[in-house]
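Welcome! Try each task before you read its solution.

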Amino acid sequence: MKKKASKIGYNVAIYAFLIPEASGEALKLYLQDFFTNIAESGTDSGELLKTAFFMNGKNFLFLLLCALMVIGAPLIFLFCGLSCFMHGFTLFYFIRIYSFKAALFYLLGMCPHYALQIPVYWLSCLLCLRFSL
C-alpha cells in the first residue's frame, strides 16, 4: 500500500511541471509575497512549533476518527494519497520555480521535517486501517 500511494502521489505531482505559465506566475508571486511577509514580520520559532504540533494533532485526530467509523478505511487511504501528492507537488513546484535554490531549501529545510513526519503518518495510517478493518 505504501509503495503504491507514494508512486501515485509523486506521479500526480508531476502536474507541477505542467501548470500553464499564467497560473505558474500567479503562484510564484504568491510565494514571493509569502516569503517577504515572513521575513519582514520576524517569526517566533516557539509559535511555529506550537502551530505545527496543533496542525499535526488535528491530522492524527482525523485519522483516529476515521478508524472509529465504519466507512473510515477509504478516508484513510484518501488521506495517505493526498499527503503524498501534497509533498510531491510542493517539492516539484519549488524545483520548477527556483531550481537549485529549491533543492537546497528542500534538503535543508523540509527534508528533516518530512523525515520524521512521513514515517509517523504512515505508521498511524496503518494502525488506523488495522483498527478500522
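**Exercise 1. Find which residues have the most contacts inside the largest nonpolar core.**

Solution. A nonpolar core is a set of buried Ala, Val, Leu, Ile, Met, Phe, Trp, Tyr and Cys residues joined through side-chain atoms within 4.5 Å. The largest one has 13 residues, and those with the most contacts inside it are Leu63, Ile76, Phe79, Cys125 and Cys128. At least two residues of this core come from each of H3, helix H4 (72-98) and helix H5 (100-132). Another core lies apart from it, with nine residues, among them Leu91, Tyr93, Ala102 and Met110.

Before going on, note how the model was made and read. This is a predicted model, where local features need pLDDT of at least 70, side-chain atom pairs count only at pLDDT 80 or more, and totals for chains, interfaces and linings use all residues. Residues are numbered from 1 along each chain as its sequence is written, and side-chain values use heavy atoms, leaving out hydrogens and water.

**Exercise 2. List the contacts of Phe79 beyond its neighbours within four places in sequence.**

Solution. Contact means heavy atoms within 4.5 Å. With those neighbours set aside, Phe79 touches Asn59, Phe62, Leu63, Tyr121 and Cys125.

**Exercise 3. Locate the salt bridge and describe its two partners.**

Solution. A salt bridge is a side-chain nitrogen of Lys or Arg within 4 Å of a carboxyl oxygen of Asp or Glu. The structure holds one: Lys50 pairs with Glu47, their closest N and O atoms being 3.7 Å apart. Both sit in helix H3 (residues 45-68), three residues apart, so about one helical turn separates them. Helices (H or I, at least four residues) are DSSP runs, numbered from the N terminus. Lys50 is exposed at 52% relative accessible area, while Glu47 is partly exposed at 41%.

Terms used: Buried means under 20% relative accessible area, exposed over 50%, partly exposed in between (1.4 Å probe, protein chains only).
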